[in-house]
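Here are my notes on this model.

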Amino acid sequence: MADPIVGIVMGSESDYETMKHAEDILIQFKVPYEISVTSAHRTPKVMYEYATTAQQRGLKVVIAAAGGAAHLPGMVSALTVLPVLGVPIESRTLKGVDSLLSIVQMPAGVPTATFAIGTSGATNAALFAVQILALADRALQEKLEKYRLERADAALAGNAKVRARLQEASK
């Protein structure tokens, strides 16, 4: 694959279970990416190096995930001008609400996009990264349009199946 243009960074290895969904989207759209595990709390120097060199390494968007105090997305945002898409990881203690609030409540001047808690957030963050990249890539925009049409077709097919069951049950 070509040099990565999207970075997926997470606070711990256990976050990968959620972030695999972001990776799957990037694979589906054939967007070159990298994955790193670094903690804002346990490896701050590694996190600093990752964020401050992201743009010069060729990244255009960073998807940052963290659970609990969730400082990783905001800290990455503070250290780069690249768009940072924050994904709150569902936690055992507060079900990810703590993570969500830590990301979404960034102070004015340090924007960090924030997505839903868990796998939906990881999927949507990757799709949003694709949308950002598609602004300058017509082929990627066409793939995104096709993806949306396929999702609509699947929804309509589901509607037809449910209605067929209803008709069958009413006989």
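1. Over which ring does the charged end of Arg-57 sit? The ring belongs to Tyr-50, and its centre is 4.7 Å from that charged end. Bear in mind that the model is predicted. For ring–ring pairs, the count comes to two aromatic pairs.

2. Next, the sheet. Five strands form an open sheet, paired in parallel, in the order β2-β1-β3-β4-β5. The edges are β2 and β5 (113–114), each of which pairs on one side only.

3. Strand β1 has a partner on either hand. Five bridges connect it to β2 (residues 33–37), and the two run parallel. Within that pairing, Val-6 is opposite Tyr-33 of β2. Five bridges also link β1 with β3, again in the parallel sense. Here Ile-8 has Ile-63 of β3 as its bridge partner.

4. What handedness does the β-α-β unit of β1, α1 and β2 have? The unit is right-handed.

5. Now the packing. The largest nonpolar core holds 28 residues. Val-6, Met-19, Phe-29 and Ile-63 have the most contacts inside it. Two or more residues each come from β1 (6–10), α1 (16–28), β3 (61–66), β4 (84–88), α5 (119–134) and α6 (138–169). Helix α5 gives the largest share, eight residues. Apart from this core lies another, of 16 residues, including Ala-40, Val-62, Ala-66 and Leu-82.

6. Val-6, opposite Tyr-33 in β2, is among the residues with the most contacts inside the largest core.

7. Which residues does Phe-29 contact beyond its neighbours within four places in sequence? They are Leu-127, Val-130, Leu-140, Lys-143, Leu-144 and Tyr-147.

8. Thr-112 deserves a look of its own. It lies in the loop between α4 (97–104) and β5. Is Thr-112 buried or exposed? Its relative accessible area is 12%, so Thr-112 counts as buried, the cut-off being under 20%.

9. The surroundings of Thr-112 can be listed. Leaving out residues up to four places away in sequence, Thr-112 touches Pro-73, Gly-74, Ser-77, Val-84, Gly-86, Ile-103 and Met-106. Val-31 is 81 residues from Thr-112 in sequence, and their C-alpha atoms are 21 Å apart in space.

Key:
Residues are numbered from 1 along each chain as its sequence is written. This is a predicted model: local features need pLDDT of at least 70, side-chain atom pairs count only at pLDDT 80 or more; totals for chains, interfaces and linings use all residues. Side-chain values use heavy atoms; hydrogens and water are left out. Rings of Phe, Tyr and Trp (its six-membered ring) pair if their centres lie within 6.5 Å; planes under 30 degrees apart count as stacked, over 60 as edge-to-face and the rest as tilted. A charge sits over a ring if NZ of Lys or CZ of Arg is within 6 Å of the ring centre and within 35 degrees of the ring normal. A nonpolar core is a set of buried Ala, Val, Leu, Ile, Met, Phe, Trp, Tyr and Cys residues joined through side-chain atoms within 4.5 Å. Buried means under 20% relative accessible area, exposed over 50%, partly exposed in between (1.4 Å probe, protein chains only). Helices (H or I, at least four residues) and strands (E, at least two) are DSSP runs, numbered from the N terminus. Contact means heavy atoms within 4.5 Å. Two strands pair if DSSP finds at least two bridges between them. A crossover is right-handed if, with the strands pointing away from the viewer, the path from the first strand over the helix to the second runs clockwise.
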